[in-house]
Amino acid sequence: MTIKPVHVMVVTPHPDDAEFGVAGSVVRWISEGKDVIYVVCTNGDKGTNDADMKPEALARIREQEQLAAAKLLGVREVIFLRYPDQALEDTPEFRKKIVRLIRMYKPETMVTADPYRRYIWHRDHRITGQVTLDAIFPYARDLLSYPDLLNQGLHPHKVKEILLWASDDPDYRSDITDTFDIKVAALRCHKSQVGDSPSPDLEQRLRERAKKMAEGEDYELAEAFHRVEIWW
Ligand SMILES: [Zn+2]
């Protein structure tokens, strides 16, 4: 099985988090010729205030919404792990799934939620970030971590860069001035989350946040991350 390596793998806790966190940068990377894939950890089946909505139906809707957003952005592939929403745990099984994908797709850059955001932080976000960091190092890197993966031809892989969104400690900004509109359009694909009618509110809120993130730069709008560069 030969898979064309990707430049960027985005590991997102729920459908829609990647759009909030990194979609503007994703569009820019793709326009620069880079390949981006998404790994969506949970099925998002708790994300509603509608008492009549059944979790299974919501999970199906959210998958379609995620696919529509990814298509709009130009994401090459979306992989759904389909863990239940609010039930993600730091298990050997989950970790191994991420390691397997890292070794299959060989990303240079991994993007996920910062697990070290303090106090109020969705447990699925914390666990997604932590398990992804652990998967990158040492498990994806080390030869003897998973003899069975090695036997399947999935050799160790060294990720070069990690970008963590929603960080308390952002130290890296990405210019999304030209891609902001597509980010907003991609977020609007998540109708079950952001509502049906085109709300100027959402755009305004996002623009304010992106402006703040770009403060001090010579461009207008940014996404901000904590960046970890790995010198192996
Ligand atoms: Zn989320």
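**A tour from the sheet to the zinc ion**

Select Thr12 to begin: the bridge partner of Thr12 is Val40, which is in E2. The model is predicted, with residues numbered from 1 along each chain as its sequence is written; local features need pLDDT of at least 70, side-chain atom pairs count only at pLDDT 80 or more, and totals for chains, interfaces and linings use all residues. Side-chain values use heavy atoms, with hydrogens and water left out.

**The sheet**

Select strand E1, residues 8-12, together with E2: the two run parallel and are joined by five bridges. Two strands count as paired if DSSP finds at least two bridges between them.

Now colour E1 by accessibility. Five of its five residues are buried, where buried means under 20% relative accessible area, exposed over 50%, and partly exposed in between (1.4 Å probe, protein chains only). On one side of E1 are Val8, Val10 and Thr12, and on the other Met9 and Val11, all of them buried. Strand E2 (residues 36-42) has seven of its seven residues buried, so E2 is largely enclosed by the rest of the structure.

Zoom out to the whole sheet. Seven strands make an open sheet with mixed pairing, in the order E3-E2-E1-E4-E5-E7-E6. E3 (77-83) and E6 (172-175) stand at the edges with a single partner strand each, so one side of each has no neighbour in the sheet. From one strand to the next the twist averages 25°; the axes are lines fitted to C-alpha atoms, for helices over the stretch in contact, and angles run from 0 to 180 degrees between N-to-C directions.

Ser174 stands opposite Glu223 in E7.

**The zinc ion**

Which atoms coordinate the zinc ion? They are ND1 of His14, two OD atoms of Asp17 and NE2 of His125, at 2.0 to 2.4 Å. Donors are N, O and S atoms within 2.8 Å of the metal (3.2 Å for Na, K and Ca), and water is not among the atoms, so sites may look incomplete. The angles among the four donor atoms are 57 to 139°, and the site is irregular. Four donors count as tetrahedral if all angles lie between 85 and 135 degrees; four count as square planar and six as octahedral if opposite donors are over 155 degrees apart and all others between 65 and 115; anything else is irregular. His14 is buried at 5% relative accessible area, and Asp17 is buried at 10%.

**Helix H1**

Asp17 is also among the buried residues of H1. Select residues 17-31: the 15 residues of H1 should span 21 Å, and the end C-alpha atoms are 21 Å apart, which agrees. The expected span is 1.5 Å times one less than the number of residues. Eleven of the 15 residues are buried, including Val22, Val26 and Trp29.

Centre the view on Ala23, where H1 has a kink of about 65°. The bend at a residue is the angle between axes fitted to the seven residues ending there and the seven starting there.

**Last stops**

Select Phe137 and Pro138: the peptide bond between them is cis, with omega near 5°. Pro138 lies in helix H4, residues 123-139. Then find Tyr119 in the loop between E4 and H4. Tyr119 has a positive phi near 65° without being glycine, and is exposed at 73% relative accessibility.

Technical notes:
Helix = DSSP H or I, 4+ residues; strand = E, 2+ residues; numbered from the N terminus.
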